Amino acid sequence: MKVLVPTDGSEQSMKAVQRALELAEKQGAQITLMAVAYFTGDFDEMPLNIREKLEAEARDNLKKAKAVFDQKNVKVDTVLEAGLVPANNILRQAEEGKFDRVIMGSTGASGLAKVLMGSTAAKVVAHAPCEVTVVR
Ligand SMILES: Nc1ncnc2c1ncn2[C@@H]1O[C@H](COP(=O)(O)OP(=O)(O)O)[C@@H](O)[C@H]1O
Ligand SMILES: [Mg+2]
């Protein structure tokens, strides 16, 4: 089973990472962690240093998630991308990588914890080509 785990460094996404680790350990699932550097506004007009900062943030989020697997000596793949709408990157990866399942947080780093589901989670649930587990 191939499992895609999008992570934005949030507490909820780290819960999803933990769930994925369990699946890898118990069922031998192949896990891929994915972070999307999230650009608002016009990508080409964004100052380079800001793009680099956002990319470094996404890379750090990925590292933090990978450390959970490294600690247990469980193999994991990582994907780092950049985009305007993280859900679109996640959906494309799920489709092109022929993933069987996506595991993600119900909310994320935006801090709008009062909403039932964040916009990234909602869009992935609505359009994913595979099953989606939303972790609370
Ligand atoms: N930029 C991103 N890169 C990878 N995964 C993301 C990104 N943003 C959100 N996610 C995933 O989607 C989940 C839900 O986040 P989201 O829908 O964006 O909620 P919020 O609106 O609270 O930020 C996160 O827990 C994480 O698993
Ligand atoms: Mg978000």
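A residue is called buried if 20 or more other C-beta atoms lie within 10 Å of its own, exposed if 12 or fewer do, and partly exposed in between, with C-beta atoms placed from the backbone. Helices (H or I, at least four residues) and strands (E, at least two) are DSSP runs, numbered from the N terminus. By these terms strand 4 (101-105) is mostly covered, since four of its five residues are buried.

This is a predicted model, in which local features need pLDDT of at least 70 and side-chain atom pairs count only at pLDDT 80 or more, while totals for chains, interfaces and linings use all residues. Residues are numbered from 1 along each chain as its sequence is written, and chains are lettered from A and ligands numbered from 1 in the order in which they are written.

Five strands form an open sheet in the order 3-2-1-4-5, and the pairing is parallel; two strands pair if DSSP finds at least two bridges between them. Strand 3 (77-83) and strand 5 stand at the edges with a single partner strand each, so one side of each has no neighbour in the sheet. On average, neighbouring strands are turned by 25° against each other, direction ignored. Such angles run from 0 to 180 degrees between N-to-C directions, and axes are lines fitted to C-alpha atoms, for helices over the stretch in contact.

Strand 4 is joined to strand 1 (residues 2-6) by two bridges and to strand 5 (residues 131-135) by five. The table lists residues of strand 4 with their partners.

| Residue | Partner |
|---|---|
| Arg101 | Val3 |

## Packing of two helices

The axes of helix 3 (86-96) and helix 4 (119-127) come within 9 Å and cross at roughly 35°. Their crossing is right-handed; this term applies if the near helix is turned clockwise from the far one by less than a right angle, and left-handed if anticlockwise. Helix 3 contributes Pro86, Ala87, Ile90 and Leu91 to the contact, and helix 4 contributes Thr120, Lys123, Val124 and His127. Two residues are in contact if their C-beta atoms, placed from the backbone, lie within 7 Å. By class, the contact has five nonpolar, two polar and one charged residues. Here Ala, Val, Leu, Ile, Met, Phe, Trp, Tyr, Cys and Pro count as nonpolar, Asp, Glu, Lys and Arg as charged, and the others, Gly among them, as polar.

## The shell around ligand 1

Of the 23 residues around ligand 1, Pro6, Gly105, Gly108, Ser110 and Gly118 come nearest; a residue is near a molecule if its C-beta atom, placed from the backbone, lies within 6 Å of it. Strand 2 (30-38) gives the most to this shell, with four residues. The shell divides into 11 nonpolar residues, 11 polar and one charged.

## Loop residues

Gly97 lies in the loop between helix 3 and strand 4. With 14 other C-beta atoms within 10 Å, Gly97 is partly exposed. Leaving aside residues up to four places away in sequence, Gly97 touches Lys2, Leu4 and Thr32.

Lys98 lies in the loop between helix 3 and strand 4 and is exposed, with 9 other C-beta atoms within 10 Å. Most residues other than glycine have a negative phi. Lys98, however, has a positive phi of about 50°. Asn73, in the loop between helix 2 and strand 3, has a positive phi near 60°. Asn73 is exposed because 6 other C-beta atoms lie within 10 Å.
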